[in-house]
Amino acid sequence: MTVKENTTVTAAEALVLIDRLVQFALRQGMIEPLDVNYSRNALLDLFKFTEPHEGEIPEEELDSPVSLLEPLLDYGYSIGLIEDNILTYRDLLDARIMGLLMPRPSEAAAAFRKTTAEAGIKAATDAFYKLSIDSNYIRMDRIQKNKYWLHETEYGELEITINLSKPEKDPKEIALLKTLPQAHYPKCLLCEQNVGYAGRADHPARQNLRVLPLTLDNQQWYFQYSPYVYYNEHSIVFKGAHEPMVISHGTFKRLLDFVEQFSHYFIGSNADLPIVGGSILSHDHFQAGRHTFPMEKAKPVASFTDPSLPGVRFSIVNWPMSVVRVNGASKEDVLQAACRMLDTWRGYSDEAVDVLAFTANGDGSLTPHNTITPIARLLDDGAYEIDLVLRNNRTSEEHPMGIFHPHQHLHHIKKENIGLIEVMGLAVLPGRLKAELEQIAGYLTGKTEALHSELHSADHPLRLHAEWIESLVARYGTSNTDEQAQAIVEGETGSKFSEVLKDAGVFKQTEEGHAAFQRFLAAFGLKQA
């Protein structure tokens, strides 16, 4: 995105902005009084000043540094600190500025441990989350632009978001990226080596990123917040070693270890196979946070017991995807149940409902198709709970992108992988939909005429929505108010997401699907309670 030229910022104004930014950092607790001169001098050096502002800086209370940063970025461009006034370069300078106002990584980790010991884990995560926001690592100014609404279904309320927090790149930025050589450091966006990294045009700057070391199942892991939070305190928990995603017995052990340490957070993992997995399969990681998702609120519709694990409760929940909820007071028993469920599902086939565990290849090898999306939490009564969402990534001639993936007629709304967040009932829809849905609403008010030949033409911007628009006009007419049209479009989008989840469900919400689900649980050895 090319940024419009703003009013020129003078050197004198930039000096005042630097002092105001240092004052903001001190007020927010990012730096200590002893750090003030050090931080100011670092900023003076960055902006090529040899002396600070002379004069008083009025006391002010700001919730965000953005109003100070934007004119400083303008000044930085004017003196050549960035080579072009586009968002890519402005974001690199933004992180560089805020990185000079941050505690060192070891200091941030020590402060977290100290707060945990003195005030508890909730206070510690509150403080760390605040640091991530105050440093502009979490871009709340952009996140607040996201559209959000709820959609009532037979499974409860689904959450719908249109993601506007990641600005789309303009042609100039896209062309720039094509000219850059292949880079190999850091290996990916999740590696620990991102902490403090200056970034480049094709990799974000991370001078204002801080991570916390964790031990999960006797392994080195790290905790950080996502820069584009999709829900409250959206966290990333990633392995110290750059190793591929895998769902294993160790995965479940690490999830349960985490909720013992962060008892107020859920944690879950994307699946480990293409199509049903997440967007980054090259680095093992989880997502966590302080949010109650629709799936967690879903009620059990059938309960089961396992004679070998009398203290563990199993249930199918009222959800469009295929979820087995495992609950018990004993961590070891819940872990054992989850591990056995994974092992059983990995090798399970039921051709009657298109579930095949493996496909044989020409060389005699087998391609696996079954995996699990797990979500763990520690309940208020101290019980451990894991939701095991059964996944299968087979494709077919009819559904080349995935049999248990959003089908073709839904791709105009959601084509991407159905990962952990969507599985739990929060739709993360592409930013393009904001403008498109507004335009579609225009057909329902009569402001725009739905001409078949125009909508279906190859160059029409809403061509992918053509059949949907015609269906909406036929059902709702063209005399709706603006408010009615918006409500219709949002409601119908929510219904589409509900269909997306049904497509991704392995055992369908039909009599045949319910019977198939029961067959799998019987194969596992469960008995209906």
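**Close-up 1. Strand 5 and strand 7 of the predicted model are joined by four bridges and run antiparallel.**

**Close-up 2. Strand 4 pairs with strand 5 in the antiparallel sense, over five bridges.** Strand 4 spans residues 219-225, and Tyr 222 stands opposite Phe 238 in strand 5.

**Close-up 3. Strand 5, residues 235-239, is mostly covered, with five of its five residues buried.** In a regular strand the side chains alternate between the two faces of the sheet.

**Close-up 4. An open sheet of three strands, in the order 1-2-15, shows mixed pairing.** Strand 1 (147-153) and strand 15 (426-429) stand at the edges and have a single partner strand each, so one side of each is left without a neighbour in the sheet. Neighbouring strands of this sheet are turned against each other by 20 degrees on average, direction ignored. Strand 2, residues 156-162, pairs with strand 15 in the parallel sense over four bridges, and Thr 161 stands opposite Val 428 in strand 15.

**Close-up 5. Helix 13 packs on this sheet, and helix 16 lies across its strands 1, 2 and 15.** Helix 13 (residues 432-445) touches strand 1, strand 2 and strand 15, and its direction makes about 105 degrees with that of strand 2. Helix 16 (residues 482-504) runs at about 65 degrees to strand 1.

Methods:
Residues numbered from 1 in each chain as written. Predicted model: local features only at pLDDT ≥ 70, side-chain atom pairs only at ≥ 80, totals over all residues. Heavy atoms only, no water. Pairing = 2+ DSSP bridges. Helix = DSSP H or I, 4+ residues; strand = E, 2+ residues; numbered from the N terminus. Axes fitted to C-alpha atoms, helices over the stretch in contact; angles between N-to-C directions. Contact = heavy atoms within 4.5 Å. Buried < 20%, exposed > 50% of the residue type's maximum accessible area, 1.4 Å probe, protein only.
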